[in-house]
Amino acid sequence: MFSEQAAQRAHTLLSPPSANNATFARVPVSTYTNSSQPFRLGERSFSRQYAHIYATRLLQMRPFLVSRAKQHWGGGVQVKKLCELQPGEKCCVVGTLFKAMPLQPSILREISEEHNLLPQPPRSKYIHPDDELVLEDELQRIKLEGSIDASKLVTGTVLAVLGSARDSGKFLVEDHCFAELAPQQPAPALDTDRFVLLVSGLGLGGGGGESLLGTQLLVDVVTGQLGDEGEQCSAAHVSRVILAGNLLSHNTQSRDSINKAKYLTKKTQAASVEAVKMLDEILLQLSASVPVDVMPGEFDPTNYTLPQQPLHPCMFPLATAYSTLQLVTNPYQATIDGVRFLGTSGQNVSDIFRYSSMEDHLEILEWTLRVRHISPTAPDTLGCYPFYKTDPFIFPECPHVYFCGNTPEFGSKIFRGPEDQRVLLVAVPDFSTTQTACLVNLRSLACQPISFSGFGAEDEDLGGLGLGP
Amino acid sequence: MGRKRLITDSYPVVKRREGPAGHSKGELAPELGEEPQPLSVDEAELELLRQFDLAWQYGPCTDASLLPTLAGITRLQRWHRAEQMGLEPPPEVRQVLQTHPGDPRFQCSLWHLYPL
C-alpha cells in the first residue's frame, strides 16, 4: 500500500533542481481522544492486599461468563457456586484459575533454610507436565481434571467450566469457555488512506551503533526527508507515531552501582542518562513533524508495576516544547480518527509466554483478547498495582486495533469475534534486533511491516535500505 | 497462711445477679431474643458495621495497616465498591458511616488493628 502509492508518482530524484519546491501537508488528525484514564494512578497506596483485585475481577467477569456459558451449553445449564456443588451433578462453575507450577520461582522456597536451595537460573518457560489447575471462586477452591489443557492456561484467567464434581473432591471438566470478545463499536469509514506507525524496542543506549542508523532512517522517512517525492507524499499520510515501549535498552539497567563499592561508582553516571538524551533528540525530530505517543516499557525509567505511568516530561526538555509529543501510560488506549487502539509494551504477553505452552506471541495476544483480560497473570507473576475498586485490565469494549510491543518478530492478523467484531492484531517487533516497524492503514485496517535495515560490515548483499515488504 | 487456695480463686468473683422478677436460683435462662440490657445506640451501630464486614458477598475487607487514612480499604470504600458492582449493600450501613466521620472505630474494618 505504502510503496504502491509511492510508485505512482513520477521519479524526480535525478532531475535538475526546480524553482518551486513541492510541499506535502501532513494529513491532519481529525479526532483523537486518549482514553487511558483508567490506567492513570492518582495517589498510590501499596499497603492493600491483592485479594481485592481478584475479587473485583471475578465479580466483574461473572455476568459475561454466565451469558457465554448459556450461549454455548444451552440456556438450561445450571450455574452454581462451588459451595453448592453436589457430587455427580452436571453443572457449570465460574471462577478464577490458579495453576500450581512446581518450577515457578518461589521466593519462599529460595529463602527457606531447610531446603538450602540455590536460586533457580531464569528459564524461558516454567511449564512442566505436572502442573495442576485449581478453580477458585469467592469462597472455595477445587482441583480440575479432565478435558482441559493445563499447559496452555495461566493463573488469573476467569473462565466457566462445565462438568461434575467427583467423589474424590476433584471436578471433572467436560468443556470450558472464556468470556470471548467484548462488544465493539463499528469502525468508521474513512475516505483517504491514513497510516499510524507502530514502533517498539528502539533500544537506545544499548552500545551497538547499527540500530542507530535504522532509527535515524525511520525518523527521516516519517518526517519526509528521505526518498523521492512519491515516498514523501506517502509519508505525509502517516498521521501518528506510537512508540510502544523499551525505548531504552536492557543494558542501561546495569546493576553495577548496587554490587560494587560506593567509592568505585560515585562519579559514574547511570547509563540511562545518556540514552535519555539521545531519545530526547530523536523525539524532538519526530514531534516537530508528527504527533507522537510515547509508551514506557520494561526497561524505561518509570515504575515497574503495571499500569506503568507516563515518563516524566522533565526528561525531555527539548521535545516537550512541542505539543505533539504525548507521554502516555503502558496499557494505552486511544481513539485515533474513530479507530480504537489498545496496546501494551509487551510485558503481559511475554509473561504469559513464560508460563504457558503457547509459542507464538500473536497467538497469545489473540488469547488475551478471547479471555477478555489484558494481563491475567498480573498480579501473580507480573507486578501490578493493588487496585481495589475495579480491575482496569478487563476489556470494557473490543478495540479495532490491538497491539503489543517488543515481540521477537512481526505478526499481524485479522481476528473475527462471535458477534461480528473485527480486530486487527499486531505484534510489533523489537526494532533494535529486527529493524522493522509496522504501518497500520486506518481505512482498510490492514498492517504492513516496514524495515529499515542498513548495511552492516557483514552484509554481503545490498538488499537493505528498502521501503515496504 | 489463710485458708487453702482453690483453683477457682484465680477466677473473678461474680455475684449472681437477681432476675427481673426477683427470682434467685433456679430461674430459667432468659428467653432467646430478649437482651438482658438494651445495647446503646453506638454499640448497635458498631454491631451492624461488624456484620457488614463479615458478609462475604461484598468482597474482601482486609485492611493491612495501622494508619486508617492511608491504607487498606475503609468500610465506606467497601460500601461504594459493592454498590458500583450492583451487590446492593444495605443503605443503613452508609448512613451510620456518614454520621460518624473520622471515628476509626466506625470507619475502619474489624481487623484494622491487626497487621496483616
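Predicted model: local features only at pLDDT ≥ 70, side-chain atom pairs only at ≥ 80, totals over all residues.
Biologist: How is a pair of packed helices described?

Modeller: Two packed helices are described by the angle between their axes and the distance between the axes. Helices (H or I, at least four residues) and strands (E, at least two) are DSSP runs, numbered from the N terminus. Axes are lines fitted to C-alpha atoms, for helices over the stretch in contact, and angles run from 0 to 180 degrees between N-to-C directions. In chain A, helix α9 (residues 347-355) and helix α10 (residues 361-371) pack at about 105°, with axes 10 Å apart. α9(A) and α10(A) are therefore roughly perpendicular to each other (under 35 degrees is roughly parallel, over 145 roughly antiparallel, 65 to 115 roughly perpendicular, the rest oblique).

Biologist: Which residues make the contact of α9(A) with α10(A)?

Modeller: Contact means heavy atoms within 4.5 Å. From α9(A) come A:Val349, A:Ser350, A:Ile352 and A:Phe353, and from α10(A) come A:His361, A:Ile364, A:Leu365, A:Trp367 and A:Thr368. By class, this contact of α9(A) with α10(A) has six nonpolar, three polar and no charged residues (Ala, Val, Leu, Ile, Met, Phe, Trp, Tyr, Cys and Pro count as nonpolar, Asp, Glu, Lys and Arg as charged, and the others, Gly among them, as polar).

Biologist: At what angle do α1(B) and α2(B) cross?

Modeller: The axes of helix α1 (residues 41-54) of chain B and α2(B) come within 11 Å and cross at roughly 55°; α1(B) and α2(B) are therefore oblique to each other. B:Leu49, B:Arg50, B:Phe52 and B:Asp53 in α1(B) meet B:Arg75, B:Arg78 and B:Trp79 in α2(B). The residues of this contact of α1(B) with α2(B) comprise three nonpolar, no polar and four charged.

Biologist: What volume does the largest pocket have, and what lines it?

Modeller: On a 1 Å grid over the protein atoms alone, a cavity is a set of points where a 1.4 Å probe fits but cannot get out, and a pocket is an open set with protein on both sides within 12 Å along at least five of seven lines; lining residues have an atom within 4 Å of a point. Grid points are joined across faces, edges and corners, and a volume is the space filled by probe spheres set on the points. The largest pocket holds about 910 Å³ of space. Its lining has 36 residues, of which A:Asn246, A:Glu298, A:Phe299, A:Ser350 and A:Arg354 lie nearest its centre. α9(A) gives the most to this lining, with six residues. By class, the lining of the largest pocket has 11 nonpolar, 20 polar and five charged residues.

Biologist: How many cavities does the structure hold?

Modeller: There are two cavities of 30 Å³ or more. The second largest cavity has a volume of about 40 Å³.

Biologist: Where are the backbone exceptions found?

Modeller: Most residues other than glycine have a negative phi, and most peptide bonds are trans. The peptide bond from A:Leu306 to A:Pro307 is cis, with omega near -10°. A cis peptide bond also joins A:Ala378 and A:Pro379, with omega about -5°. A:Pro307 is found in the loop between β10 (292-295) and β11 (325-327) of chain A, and A:Pro379 in the loop between α10 and β14 of chain A. A:Asp337, which is not a glycine, has a positive phi of about 55° and is found in the loop between β12 (332-336) and β13 (339-344) of chain A.

Key: Residues numbered from 1 in each chain as written. Chains lettered and ligands numbered in written order. Heavy atoms only, no water.
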